[in-house]
Amino acid sequence: VQLQASGGGLVQAGGSLRLSCAASGGSFSDYAMGWFRQAPGKEREIVAAISWSGGSKHYGNDLKGRFKISRDNAKSTVYLHMNSLKPEDAAVYYCAADRNGIIHTVVRVATSDYDYWGQGTLVTVSS
């Protein structure tokens, strides 16, 4: 399974970005998908995750309401819509796939639960 993240870039505080992650190989519709981020000197953290069906979603602390995760199984793509961006949102954003997602009713959020990772896309937020 290969995951290709895109959509990062430089945005002013208060602005918006949409990240995309296209999957190839494997059975995308069986996977739970997650977005994680890692800022310099910090641990990788969950941003948002979505179950294989889209029926279960999870958002990291204080992100619900600003960020929205969605998926299109027909296009094997997961999206992260980010609004009202803050300088503290700046990080490398990674998409990841949980290949066992279809057997879990609730989406999982630990990095160790995810089997496949994309290369990351950099989000920079200027104040």
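Trainee: Does R66 count as buried or exposed?

Mentor: Before that, a caution: this is a predicted model, where local features need pLDDT of at least 70, side-chain atom pairs count only at pLDDT 80 or more, and totals for chains, interfaces and linings use all residues. Residues are numbered from 1 along each chain as its sequence is written, and side-chain values use heavy atoms, with hydrogens and water left out. Buried means under 20% relative accessible area, exposed over 50%, and partly exposed in between (1.4 Å probe, protein chains only). R66 comes out at 13% relative accessibility, so R66 counts as buried.

Trainee: Which residue forms a salt bridge with R66?

Mentor: A salt bridge here is a side-chain nitrogen of Lys or Arg within 4 Å of a carboxyl oxygen of Asp or Glu. R66 sits in the loop between β6 (57-59) and β7, and its partner in the loop between β8 and β9, so the pair ties together parts 23 residues apart in sequence. Strands like these are DSSP runs of E, at least two residues, numbered from the N terminus. The closest N and O atoms are 2.7 Å apart, and the partner is D89.

Trainee: Which residues are linked with D89 in a network of salt bridges?

Mentor: D89 also meets R37 in a salt bridge (2.9 Å, N to O). That pair links distant parts of the chain, with R37 in strand β4 and D89 in the loop between β8 and β9, 52 residues apart. D89 counts as buried because its relative accessibility is 1%. The network links D89 with R37, E45 and R66.

Trainee: What is the S to S distance in the disulfide that joins C21 to C95?

Mentor: A disulfide is a pair of cysteine sulfur atoms within 2.5 Å, and the count comes to one. C21 is in strand β3 and C95 in strand β9, 74 residues apart. C21 is buried at 0% relative accessibility, and C95 is buried with a relative accessible area of 0%. The S to S distance is 2.1 Å.

Trainee: Which residues touch the most other members of the largest nonpolar core?

Mentor: A nonpolar core is a set of buried Ala, Val, Leu, Ile, Met, Phe, Trp, Tyr and Cys residues joined through side-chain atoms within 4.5 Å. The largest has 29 residues, and the elements giving two or more of them include β3 (17-24), β4 (32-38) and β8 (77-82). Those that touch the most other members are M33, W35, F67, L80, M82 and Y93.

Definitions and conventions
Helix = DSSP H or I, 4+ residues; strand = E, 2+ residues; numbered from the N terminus.
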